[in-house]
Amino acid sequence: YQRRVHGNVLGHSLVPGGPQYAPTSTDFSLQVLDRVFEWAQRYGLSVMLDLHGAPGSQNNADHSGCGKSDYPNGNGWNTAANRARSVQTIEELARRYAGHPNLLGFELLNEPAWNIEQNNHGDLLAYYRDGYAAVRQYSASALVIFNELYPNDFGHWWDGELTEPHYYNVVMDTHNYDCFNDRASASSWSHEQTARDWAGSIDNLQRQYPVMVGEWSLATGDTPFTQGFADAQMDSFAHAFGCYFWSHHLQYTTTAWSLRDAVNENIISSSRITGNLRTNTQRRSMNHQVTSTTTIAPLAVIATVAVGLVALAIAVLRRRTTPTAEPAMEITAELIEL
């Protein structure tokens, strides 16, 4: 599950005692989502739905859904039929959940592959436009979020796209990690400098949209993370509309991927998380239209969705008191019973 502190999310993990992958029954998955909205409302949480695994797989990764097995070369999502199925999924979710007072919004697609961005940008843009229209059929105010995984390569490709006034309450999601590929062997100083530099990158991207950091962690590859790295990230992400730590906790992992452990070990303080968040007035002053609906509920639930299955993520969106794990733990217990 995930907990999120507005703008700041506390991660994702498999449900303790549950199956390795969620069942592929649509009825069961929708039943779980219905319960998520009930749980969220009970605990003062809002809910964001994220299409994490699209038909055919949008990135050929193990977290992109089970449909990738039909496309041995990967990235089978980018066909007219699978893009249409994805829009249909967003539309059905919007139809079913737009009326919930604790709905925050919809992320249209998680981490589309580099080659889709490079070679099929027009298809991706068309899908986002269609997904936006699908949401707006049922909600005039829900956030519509798109993920730019490679902002240094393609961030400028979105200049003038999905912008106000025709498109509003649109948020760009970036995933800021500094632990993969050649960064795994970088020095502690280099990691800290990269984290400091993210502030400017976020400010630059926010010329057009509010930006949230949809995933981040303390992981630094082969080099142990430092307190300076944690602090530099929190400083930079204070510039964003919000941020999600990935994950709240996992069964087998290190503190670098566990917000719960990082808070318990005083690496990240709960007061620092809530203190870094923008007030509603500050967020509206970013020269973007963000309606009052986005201020609902101090807490949020994030449910990652794949066509035919649902993986849950319980998150804290913004809490005005010290965050605790109890609501998410109780929700997890109920999910096991379900």
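How are α2 and α4 oriented to each other? They are roughly parallel to each other, since their axes cross at roughly 20°, under the 35 degrees cut-off for that label. Keep in mind that this is a predicted model.

**Helix α2 and its two partners**

- Start with α2, residues 80-97, and α4, residues 121-136: their axes come within 8 Å.
- The crossing of this pair, α2 with α4, is right-handed.
- On the α2 side, the contact is made by R83, S86, V87, I90, E91 and A94, and on the α4 side by D123, Y127, D130, G131, A134 and V135.
- Sorted by class, the contact of α2 with α4 has six nonpolar, four charged and two polar residues.
- Helix α1, residues 26-42, also packs with α2, with the axes 12 Å apart and an angle of about 45°.
- The crossing of α1 and α2 is right-handed.
- Here α1 brings L30, L33, D34 and F37, while α2 brings L93, R96 and Y97.
- By class, the contact of α1 with α2 comes out as five nonpolar and two charged residues, with no polar ones.

**Helices α6 and α7**

- Helix α6 (residues 188-205) packs with helix α7 (residues 227-237) at an angle of about 0°, and their axes are 8 Å apart.
- That makes α6 roughly parallel to α7.
- Who meets whom at this contact? From α6 it is H191, E192, A195, R196, W198, A199 and I202, and they meet G228, F229, A232, Q233, S236 and F237 of α7.
- The contact of α6 with α7 divides into seven nonpolar, four polar and two charged residues.

**Strand β4 and its neighbours**

- Is strand β4, residues 103-107, mostly covered or uncovered? Mostly covered: five of its five residues are buried.
- β4 pairs with β3 (residues 45-53) in the parallel sense, over four bridges.
- In that pairing, V47 stands opposite L103 of β4.
- β4 also pairs with β5 (residues 143-147), again in the parallel sense, over three bridges.
- This time the residue to look for is E107, which stands opposite I145 in β5.
- S139 sits in the loop between α4 and β5.
- S139 is buried, because its relative accessible area of 8% is under the 20% cut-off.

**Strand β8**

- Strand β8 covers residues 242-245, and both of its faces are covered.
- On one side G242 and Y244 are buried, and on the other C243 and F245 are buried too.
- β8 runs parallel to β7 (residues 211-216), and three bridges join the two strands.
- M212 stands opposite G242 in β8.

**Cis peptide bonds**

- E164 and P165 are joined by a cis peptide bond, with omega about 10°.
- P165 lies in the loop between α5 (151-154) and β6 (170-176).
- The peptide bond from W246 to S247 is cis as well, with omega near 25°.
- S247 is in the loop between β8 and α8 (259-264).

- N181 has a positive phi, near 55°, and it is a residue other than glycine.
- You'll find N181 in the loop between β6 and α6.
- Is N181 buried or exposed? N181 is exposed, because its relative accessible area of 72% is over the 50% cut-off.
- N266 isn't a glycine either, yet its phi is positive at about 60°.
- N266 has its place in the loop between α8 and α9 (270-275).
- N266 counts as exposed too, because its relative accessibility of 65% is over 50%.

Conventions
Residues numbered from 1 in each chain as written. Predicted model: local features only at pLDDT ≥ 70, side-chain atom pairs only at ≥ 80, totals over all residues. Heavy atoms only, no water. Axes fitted to C-alpha atoms, helices over the stretch in contact; angles between N-to-C directions. Parallel < 35°, antiparallel > 145°, perpendicular 65-115°, else oblique. Left-handed = near helix turned anticlockwise from the far one by under 90°. Contact = heavy atoms within 4.5 Å. Nonpolar A, V, L, I, M, F, W, Y, C, P; charged D, E, K, R; others polar. Buried < 20%, exposed > 50% of the residue type's maximum accessible area, 1.4 Å probe, protein only. Pairing = 2+ DSSP bridges.
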